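Biologist: Please show the chain, and then take my questions one by one.

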Amino acid sequence: MAAMSGKIAQNVIVAQNRQLGSQYRRESHRPVPFMSNLLPIHGGKLAWTCLFSMKLPSLPIYQSGFVSRRTTINCNAASSATAVPNLEKVDFLKLQNGSDIRGVAIAGVEGEPVSLTKPVTEAIGAAFAAWLLEKKKTDASQPLRISIGHDSRISAPVLLDAVSQGVAGAGLDVIQFGLASTPAMFNSTLTEDETVLCPADGAIMITASHLPYNRNGFKFFTNGGGLGKPDIKDILERAADIYSKFTDEGLIDSKRQASASVKRVDYMTLYASDLVKAVRKAAGNIEKPLEGFHIVVDAGNGAGGFFAAKVLEPLGANTSGSQFLEPDGLFPNHIPNPEDKAAMEAITQAVLDNNADLGIIFDTDVDRSAAVDATGREFNRNRLIALTSAIVLEEHPGTTIVTDSVTSDELTTFIEKKLGGKHHRFKRGYKNVIDEAIRLNSIGEESHLAIETSGHGALKENNWLDDGAYLMVLVVQTLCSNLLFHFSSLLELSLTFLFHHLQVKLLNKLASARTSGIGGGSKVLTDLVEGLREPAVAVELRLKIDQNHPDLKGGSFREYGEAVLKHLENLVTLDPKLQKAPVNYEGVRVSGHGGWFLLRLSLHDPVLPLNIEAPSNEDAVKLGLTVASAVKEFHALDTSALDKFVQPS
Ligand SMILES: O=P(O)(O)OC[C@H]1O[C@H](O)[C@H](O)[C@@H](O)[C@@H]1O
């Protein structure tokens, strides 16, 4: 990778306590400026002007088997995450959300007490460090380094402070990136560039994706990819153990010394410039392949604002009219989520108001994306999958496209009849679809694309990395591909530029069409999904399970949800107008009345999401009534949205 201009922005003050006293003690800390002004943290609410402090040695040494040094880090400000004599009991395993950790980080929302406290977060940082040390089987002479980035959430600075303490307290070096995207964090484990202290041995992204402002969480990466469920469970078990010893002075080991460091680097500038180079290369080494294109970006006040100024503009695109690029963790404009109706309306309006060729929208941490064409037609959900499938199937005829469970029957027809591919509808969850595609390849079934209606997408050529921005690169490459797009160079670059791959792919498509003089705007993209039939009605209703309701009888919401699904399944078999999907991996999926519905358990919330698609409102209501009659005896379920939907208008 090329050297970046920003270089290392700063060394946060690191006091290396090589000669600690014989007692583990809570040192006093002299506040030292955090020097955030040296980092381009995109302004906005997270451009910390405050002083920020870390008091690392306030915790006992973690995991005595591997920690050989102790660290004192003085930044300035927020209080130490530690020195809490009577810590609350915490069920760490409840923080697991599939292959992520998620919790509540901001108090004030009724019924949602803070679960990601500073000590909990610090324990999680220490646990990841312990896990990584064990995985890498390193000798302690070379400290491992962990990169840490975050999205725009207002809890980010506090969690960054705490998780950094956990990592550095375990003797590992911390490299803070500031505001970053999830894909960039993974990429930092692959980047070979000492000016940004990469490759990192492990990476942590502080994010709760599109969830509300009060939540936050962690995603973890090594150069092997994102950690899976068993690893997350392992880390949480270690964290619980570390946490339980926080007040245990018996852990003190006088012989240990500390020399871990916390540094800050401007990684995102390097990362963005590498994406720019990727598109240029794929476009035949043209400096500004997007010249003449007007592309508006909506980052929803998440971390994706960089895509306009640092990727599209250097490529020649006009990005005027782009909106919500400034990070603001209260998300005042709309939820940063390409699945959200208001979010899609906002980017569509921006495209129309600006007569733009294309609109691009990201989620908070930029691993999901969607596009809007020049006519205001949305490329999200099934349409985005159809578009990406068309591009991938051009390159890999006959390949299997793995999707999540809420994709439409029409998408199957489109992929199989129009594009000649195979549609494998699997489970919800980006990790589920990616793992399934990898599994298929391992048993000899070729699959090049795993993609969710949520906008998460991963390509085999991109090492199965889940990257919304790379998806949009695919679009733009498509636009410029007819004359200039070289697949071999895309392949080569995509092995290097693992993230933002899908966005970049879409950008390429756009640029190639322009160069070859095919129509204006983004017609080339619209043409690619020609033939995808779409239902007149497509709704998702989310039925919440009240976890405190006596109907749960002390059981979990999952057990309750499973009971609802079983009951629905039994009812469906009694109705001759309905057919259960012959192959189904999640929930109850049923065809009938010209459409289908799927009721399933949410991956992480006490919710049963219900998707209904039908050729008319009347048919959709009929399907809805089937579900309504099945759930009416389940009093812990909030069925108000469904009741409203099936009500005669
Ligand atoms: O099951 P749901 O509540 O609809 O949420 C499902 C979503 O959960 C998380 O956000 C995952 O990152 C997504 O990959 C998944 O699509």
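**Ligand shell and backbone**

Biologist: Which residues come nearest to the ligand?

Modeller: The model is predicted: local features need pLDDT of at least 70, side-chain atom pairs count only at pLDDT 80 or more, and totals for chains, interfaces and linings use all residues. Residues are numbered from 1 along each chain as its sequence is written. A residue is near a molecule or strand if its C-beta atom, placed from the backbone, lies within 6 Å of it. Of the 13 residues around the ligand, those that come nearest are G429, Y430, S454, S602 and L603.

Biologist: How many residues of each class are in the shell around the ligand?

Modeller: Ala, Val, Leu, Ile, Met, Phe, Trp, Tyr, Cys and Pro count as nonpolar, Asp, Glu, Lys and Arg as charged, and the others, Gly among them, as polar. The shell around the ligand then has three charged, six polar and four nonpolar residues.

Biologist: N285 has a positive phi; is N285 buried or exposed?

Modeller: Its phi is near 60°, in a residue other than glycine. N285 sits in the loop between α5 (267–282) and β12 (295–298); helices (H or I, at least four residues) and strands (E, at least two) are DSSP runs, numbered from the N terminus. A residue is buried with 20 or more other C-beta atoms within 10 Å of its own, exposed with 12 or fewer, and partly exposed in between, with C-beta atoms placed from the backbone. Because N285 has 12 C-beta neighbours inside 10 Å, N285 counts as exposed.

Biologist: Is R381 buried or exposed?

Modeller: R381 is in helix α8 (residues 381–395), with phi near 45°. Because 23 other C-beta atoms lie within 10 Å, R381 is buried.
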